[in-house]
Amino acid sequence: MNDLLIEKFRNIFEKDLLEELGAIGKIVHLDAGETIIDTGQYIKFIPILLSGNIKIIRQDDDGGEILLYYVGSNETCAMSLTCCMAHQKSRIKAVTEEATSMITIPVAKMEEWMIKYPSWKNFVMQTYSARFDELLKTIDSIAFHKVDERLEKYLKDKAALNGNTTLIVSHQQIAEELNSSREVISRLLKQLEHNGGIKLGRNKIELLNN
């Protein structure tokens with residue numbers, strides 16, 4: 001059995017599942033900015049992150065994008081699980097936010113493990129619950145919060161996810177993920193800097209007093 005898997009998942013999965021995970025799972029290493037799952041594709045594997053994080057994006061018919069949520073270490077994507085169970089094409093795009101390692105599981109194991117392993121069923125249910133909460137927060141943010149409030153939340157969430165108050169991100173990327181314009185985001189970031197909340201650099205933002 002892979003020592004890394006034991007270290008990462010021994011408090012999540014039972015021994016028999018860990019052994020099967022080690023036998024059939026494939027460990028994959030990806031650079032930042034790589035697309036793991038694209039909109040319209042059939043999902044061929046279930047990704048479980050070992051390190052790093054990925055962002056889950058929803059695209060419209062015109063190519064517009066909005067960030068739904070992030071997936072971090074020891075987590076998987078609820079949307080991927082849903083598409084696997086329904087045998088549907090992906091309705092989201094998953095992109096690595098930074099260098100990321102994950103173990104991929106064949107989709108055929110999804111339903112088999114739901115019956116066979118209580119810990120896998122619990123993992124899937126907890127994933128659905130956590131991502132549902134994230135989606136509700138995203139909907140609330142879009143429906144009830146102004147762009148400046150959404151921007152501040154975005155920066156804080158991103159810093160918490162990365163464990164670093166210095167973010168390597170462009171104004172254009174933020175605009176795309178918040179479904180806004182670069183000009184609006186740049187103006188709001190300069191306002192935040194003027195108020196002492198952040199320090200701006202070239203494709204870099206440092207959060208202050210957080």
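What follows is a walk through the helices, sheets and cysteines of this structure.

The model is predicted, and local features are reported where pLDDT is at least 70, side-chain atom pairs count only at pLDDT 80 or more, while totals for chains, interfaces and linings use all residues. Residues are numbered from 1 along each chain as its sequence is written, and side-chain values use heavy atoms, with hydrogens and water left out. Helices (H or I, at least four residues) and strands (E, at least two) are DSSP runs, numbered from the N terminus.

Helix H2 (residues 15–24) is a handy place to start. Its buried residues are Leu-17, Leu-18, Glu-20 and Leu-21, where buried means under 20% relative accessible area, exposed over 50% and partly exposed in between, using a 1.4 Å probe and protein chains only. Looking down the H2 axis, these buried residues stay within an arc of 165° and so line one face of the helix; the arc is that of the directions from the helix axis to the C-beta atoms. An α-helix has 3.6 residues a turn, so residues three or four places apart point the same way. On the face of H2 turned away from the buried side sit the exposed residues Lys-15 and Ala-23. The cover over the buried residues of H2 includes helix H1 (3–9), strand E7 (100–106), helix H4 (109–116) and helix H5 (118–144).

Strand E7 also belongs to an open sheet of three strands, ordered E1-E7-E3 with antiparallel pairing; two strands pair if DSSP finds at least two bridges between them. Strands E1 (26–30) and E3 (45–51) are the edges, each pairing on one side only. On average, and ignoring direction, neighbouring strands here are turned by 30° against each other. Between E1 and E7, which run antiparallel, there are five bridges, and Lys-26 stands opposite Thr-104 in E7.

Helix H3 (residues 78–86) buries Ala-78, Ser-80, Leu-81, Cys-83 and Cys-84. Covering these buried residues are, among others, strand E2 (35–37), E3, strand E5 (65–71), H4 and H5. Just after H3, His-87 adopts a positive phi of about 55°. H3 packs against H5 at an angle of about 120°, the axes being 9 Å apart; axes are lines fitted to C-alpha atoms, for helices over the stretch in contact, and angles run from 0 to 180 degrees between N-to-C directions. That makes H3 oblique to H5, given that angles under 35 degrees count as roughly parallel, over 145 as roughly antiparallel, 65 to 115 as roughly perpendicular and the rest as oblique. On the H3 side the contact (heavy atoms within 4.5 Å) is made by Ala-78, Met-79, Leu-81, Thr-82 and Met-85, and on the H5 side by Val-124, Thr-127, Tyr-128, Arg-131 and Leu-135.

Arg-131 of H5 deserves a separate look. This arginine is buried, with a relative accessible area of 6%. Neighbours within four places in sequence aside, Arg-131 touches Tyr-69, Tyr-70, Val-71, Glu-75, Thr-76 and Ala-78.

As for the cysteines, searching the whole structure turns up zero disulfides, a disulfide being a pair of cysteine sulfur atoms within 2.5 Å. For Cys-77, which is in no disulfide, the nearest cysteine sulfur is that of Cys-83, 8.0 Å away. Cys-83 is in no disulfide either, and its nearest cysteine sulfur, that of Cys-84, lies 7.1 Å away. Cys-77 is buried at a relative accessible area of 2%, and Cys-83 is buried at 3%.

A second sheet to describe is open, with three strands in the order E8-E10-E9 and antiparallel pairing. Its edge strands are E8 (166–168) and E9, each pairing on one side only. Neighbouring strands in this sheet are turned by 20° against each other on average, direction ignored. H8 packs on the sheet, touching E9 and E10, and its direction makes about 125° with that of E9. E8 and E10 are joined by three bridges in the antiparallel sense, with Leu-167 partnered by Ile-205 in E10. E9 (residues 198–201) and E10 (residues 204–207) pair antiparallel over four bridges, and Lys-199 has Glu-206 in E10 as its bridge partner. These two strands, E9 and E10, form a hairpin with two residues between them, and Asn-203 in the turn has a positive phi of about 55°. E9 has a covered face with Ile-198 and Leu-200, and an uncovered one with Lys-199 and Gly-201.
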